[in-house]
Amino acid sequence: MEYKIGSIAGDGIGPEIVREARKIIDRIAEKYGHKIKYEDILLGGASIDATGVPLTEEAVAQAKSCNCVLMGSIGGDTSTSPWYRLAPNLRPEAGLLGIRKALNLFANLRPAVLYDELASACPLKEEIIGDGFDMLIMRELTGGLYFGERRTVEENGKKTAVDTLTYSEDEIRRIAVKAFDIAGKRRRKVTSVDKANVLDSSRLWRQVVEEVAKDYPDIALEHMLVDNCAMQLVRDPGQFDVILTENMFGDILSDEASMVTGSIGMLASASLNDTKFGLYEPSHGSAPDIAGQNKANPIATILSAAMMLRFSLDLDKEADDIERAVKETLASGYRTGDILSDGCQLVGCSEMGSLIAERI
Ligand code: NAD
């Protein structure tokens with residue numbers, strides 16, 4: 001098959017980690033006989049330097065012309081980079097928010113996987129880790145408290161602040177459908193997280209999720225209150241497959257879930273719209289402190305590329321192959337500096353990419 005992949009190198013370690021992820025995609029294309037065309041797209045600081053703004057209309061049009069987009073990371077050192085002396089709407093992060101909005105990316109996916117080889121980085125006790133865990137948090141990205149009406153009023157010298165948590169049936173339905181579709185490619189379980197004992201928006205959430213579940217009889221659905229979910233993530237993380245939740249709950253729970261894996265350089269992410277299109281990027285930032293030194297861990301970006309093949313291009317076998325190659329490379333004892341432990345061999349960003357490519 002022939003695919004067009006948007007490629008946003010971005011800033012800091014972005015160009016290094018995207019180079020390695022492309023190395024892996026090229027190896028997959030060679031092995032499975034696919035034809036890949038890359039479309040290089042400017043975003044963030046790199047776009048500011050070239051065009052004066054962090055996102056151009058041309059960049060949005062380029063992204064829309066692709067099957068999916070792979071991104072490194074954007075942004076610089078927020079205290080020293082000249083990008084942060086610009087007005088907020090001209091800074092690198094405005095480009096990222098802008099492209100997410102322009103592409104209507106409403107579903108954010110963050111897997112939290114514990115690799116046996118990295119179990120020592122997990123802050124949980126061995127008996128809790130058990131056989132490890134492999135969950136995926138699906139967070140609604142464009143509604144809820146962060147986008148509702150807000151105001152601060154002052155009466156008789158006392159201030160009152162109001163934020164509004166709004167969800168429509170359609171907003172809930174489209175992300176629930178995504179969660180069930182994706183659970184079908186995994187272990188077939190959805191845990192929908194809400195606060196239905198208190199919030200109307202959560203009661204509607206629960207009702208719509210149950211309606212959607214009727215179309216997926218082979219996928220198990222459970223509901224969990226958000227406070228319980230926060231506890232269960234550190235008490236028994238192995239119970240979760242897909243966690244489906246609204247914007248603010250997902251913001252908090254996805255950070256909690258990623259911290260229990262213990263290694264930021266390993267965490268992939270994706271943002272999807274209601275077609276097969278998605279923007280895939282590591283969860284970490286542009287790490288300006290190690291940029292250009294061949295020290296970055298490219299695995300989060302490589303695993304994001306695997307998600308891209310699975311969810312946007314339906315290349316499940318190829319995605320499995322990448323994930324297996326990553327595991328085998330770790331099992332062989334190779335580590336970048338951020339995940340280095342005793343007895344392992346330190347390698348740089350490009351070596352890590354090559355070692356994984358060799359195993360495909
Ligand atoms: P960061 O994630 O870039 O770095 C935090 C720490 O983790 C640093 O010590 C860094 O060296 C290390 N680190 C991160 N990724 C690594 C990797 N792949 N391999 C090895 N070590 C890694 O967070 P920060 O320092 O708070 O932010 C730096 C810049 O990144 C800022 O401009 C911020 O706005 C931006 N940022 C961008 C995104 C994005 O593009 N989606 C996300 C978060 C932060």
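The largest cavity in this predicted model is lined by Leu165, Tyr167, Val193, Asp194, Leu199, Ser201, Ser202, Trp205, Glu246 and Phe249. The model is a prediction, in which local features need pLDDT of at least 70, side-chain atom pairs count only at pLDDT 80 or more, and totals for chains, interfaces and linings use all residues. Residues are numbered from 1 along each chain as its sequence is written, and side-chain values use heavy atoms, with hydrogens and water left out.

Rolling a probe the size of a water molecule over the atoms shows where empty space is left. On a 1 Å grid over the protein atoms alone, a cavity is a set of points where a 1.4 Å probe fits but cannot get out, a pocket is an open set with protein on both sides within 12 Å along at least five of seven lines, and lining residues have an atom within 4 Å of a point. Points are joined across faces, edges and corners, and a volume is the space filled by probe spheres set on them.

Across the whole structure, the search finds 3 cavities of 30 Å³ or more. The largest cavity has a volume of about 50 Å³. Both β8 (189–194) and α7 (200–213) give at least two residues to its lining, and α7 provides the largest share, 3 residues. Such elements are DSSP runs numbered from the N terminus (helices: H or I, at least four residues; strands: E, at least two). By class, this cavity lining holds 6 nonpolar, 2 polar and 2 charged residues; Ala, Val, Leu, Ile, Met, Phe, Trp, Tyr, Cys and Pro count as nonpolar, Asp, Glu, Lys and Arg as charged, and the others, Gly among them, as polar.

At least two lining residues come from each of β3 (68–73), α4 (92–102), β4 (107–113), α9 (247–261) and β12 (278–282). The lining of the largest pocket contains 12 nonpolar, 11 polar and 8 charged residues. Domain 1 (1–114 + 263–360) and domain 2 (123–261) each contribute at least three residues to this lining, with domain bounds taken from an automatic or database domain assignment.

The second largest pocket holds about 540 Å³ of space. It is lined by 25 residues, and Val113, Tyr115, Asp134, Arg186 and Glu323 are the closest to its centre. Two or more of its lining residues come from each of β4, β5 (134–140), α10 (299–311) and α11 (316–331). Here the lining has 12 nonpolar, 1 polar and 12 charged residues.

Helix α1 (residues 14–32) packs with α11 at an angle of about 130°, their axes 11 Å apart; axes are lines fitted to C-alpha atoms, for helices over the stretch in contact, and angles run from 0 to 180 degrees between N-to-C directions. The two helices α1 and α11 are therefore oblique to each other (angles under 35 degrees count as roughly parallel, over 145 as roughly antiparallel, 65 to 115 as roughly perpendicular and the rest as oblique). The axes of α1 and α10 come within 8 Å and cross at roughly 45°, so α1 and α10 are also oblique to each other.
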